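Here's a quick tour for anyone meeting this structure for the first time. Have a look at it below, then read on.

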Amino acid sequence: MAIAKAERLMNLALCLLGTRRPLSKRELRGSIEAYLEAGSDDSFNRMFERDKDDLRELGLVIETVENLDGDTGYLARRDSNRLPPITLDAEEAAALGLAAKVWQQARLAGAASGALQKLRAAGMPETEDAYEVHSALEPRIPVHEAAFEPLMLACRDRRPVTFDYRKANSARPERRQVEPWTLECWRGHWYLAGWDRERGAERVFRLSRITGKVRSRAGAFSAEVPDVVTVRETVESWAGETATRTARIRLRAGAGYPLRSRAIAVRERGDGWDELEIPYGHGLDAWLVEFGPDVVVEEPADLRADVVDRLRAVAKD
């Protein structure tokens with residue numbers, strides 16, 4: 001069975017690499033014997049989608065093209081699947097080795113390990129692992145959200161998605177249709193930056209607020225994808241990284257350590273509360289709401305009003 005699948009994947013890859021124009025599912029089914037033997041259209045479609053995803057996981061760049069008649073075709077351009085010679089010095093190799101250790105997830109860990117093995121086989125220099133031998137600390141980026149993996153694949157493959165999203169000021173989720181651009185980790189939380197089709201604007205979504213399954217949708221992106229630097233700045237801005245003012249809050253003693261780590265100044269009040277001065281930027285009101293009764297906003301007045309409005313909306317729902 002494993003040999004049959006490997007042969008089927010190889011035949012599909014050769015068809016996609018050998019064509020000069022996009023091939024439809026019907027054409028691919030007629031060209032590959034294993035697809036011809038599929039019992040029904042549903043069986044073929046499931047087999048084809050699995051094979052296509054497997055080839056993408058192996059690194060083959062498969063393009064999805066829609067022709068004038070609305071039919072979807074597939075091809076793998078040779079120039080998109082050919083890498084230039086890779087030359088790395090010892091410091092660059094060490095950086096790649098360190099990056100490969102960051103991921104905890106089995107799927108990402110396997111991909112990172114496989115990539116390093118291929119690079120070493122191509123002549124990448126071996127480096128000493130300082131974290132393994134000399135340090136008790138190891139770099140890790142935790143990913144607990146179930147939405148991370150499907151969104152990561154959708155960003156890579158440029159596939160629109162839909163999901164239910166619960167805003168910070170609402171207890172009920174809303175359906176969102178999004179063209180995903182990139183995922184960013186900020187202060188231990190993952191965010192998705194992309195184009196919200198219904199709102200016709202760029203939006204950022206915190207993965208921990210996505211409920212249910214992330215579902216892929218057919219079709220191409222309707223909005224231009226900005227460069228990585230612009231997207232990262234957007235994520236940081238929506239997450240509250242870009243601060244233009246300062247805010248003064250009361251924080252219950254022994255609570256809110258993420259807020260304390262960000263504070264510019266901390267003063268003990270002696271009544272079970274501490275007074276903190278923290279940077280104030282976009283998204284701070286949503287962050288403060290998460291600490292519930294442990295936080296009281298003193299000033300500015302507009303931030304206090306925003307926090308109160310969010311708390312009332314949650315209580316109302």
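Contact here means that heavy atoms lie within 4.5 Å. Take the contacts in the protein chain between residues at least 6 apart in sequence: 55% of them join residues at least 24 apart. Keep in mind that this is a predicted model, where local features need pLDDT of at least 70, side-chain atom pairs count only at pLDDT 80 or more, and totals for chains, interfaces and linings use all residues. Residues are numbered from 1 along each chain as its sequence is written, and side-chain values use heavy atoms, with hydrogens and water left out.

**The big picture**

- The protein chain has 12 helices and 12 strands; these are DSSP runs numbered from the N terminus (helices: H or I, at least four residues; strands: E, at least two).
- Of the 317 residues in the protein chain, 36% are buried (buried is under 20% relative accessible area, exposed is over 50%, and partly exposed is in between, with a 1.4 Å probe and protein chains only).

**Nonpolar cores**

- A nonpolar core is a set of buried Ala, Val, Leu, Ile, Met, Phe, Trp, Tyr and Cys residues joined through side-chain atoms within 4.5 Å.
- The largest one has 18 residues, and L12, L16, L28, Y35, F48 and L55 have the most contacts inside it.
- Helices α1 (2-18) and α4 each supply at least two residues of this core, with α1 giving the most, at five residues.
- So who does L28 touch? Setting aside neighbours within four places in sequence, L28 is in contact with L12, C15, L16, L23, Y35, F48 and Y74.
- There's also a second, separate core of 17 residues, which includes A147, F148, L192 and V214.

**Aromatic rings**

- You'll find nine aromatic pairs in the structure (rings of Phe, Tyr and Trp, using its six-membered ring, pair if their centres lie within 6.5 Å; planes under 30 degrees apart are stacked, over 60 edge-to-face, and the rest tilted).
- Y35 and F48 make an edge-to-face pair, because their ring centres are 6.3 Å apart and their planes sit at 75 degrees.
- That pair links distant parts of the chain, with Y35 in helix α3 (residues 33-36) and F48 in helix α4 (residues 41-57), 13 residues apart.
- Both Y35 and F48 are buried, and ring pairs link Y35, F44, F48 and Y74 into a cluster.
- Y165 and F205 are another edge-to-face pair, at 5.1 Å centre to centre and 80 degrees between the planes.
- Here Y165 is in strand β4 (residues 161-165) and F205 in strand β7 (residues 201-206), 40 residues apart.
- Y165 counts as buried at 7% relative accessibility, and F205 is buried with a relative accessible area of 1%.

**Strands and a helix**

- Strand β1 (residues 23-24) pairs with strand β3 (residues 72-75) in the antiparallel sense over two bridges (strands pair if DSSP finds at least two bridges between them).
- L23 stands opposite Y74 in β3.
- Strand β2 (residues 63-66) also runs antiparallel to β3, joined by four bridges, and E66 has T72 as its bridge partner in β3.
- Over in helix α8 (residues 148-157), the buried residues are F148, L151, L153, A154, C155 and D157.
- Just after α8, R158 takes a positive phi of about 55 degrees.
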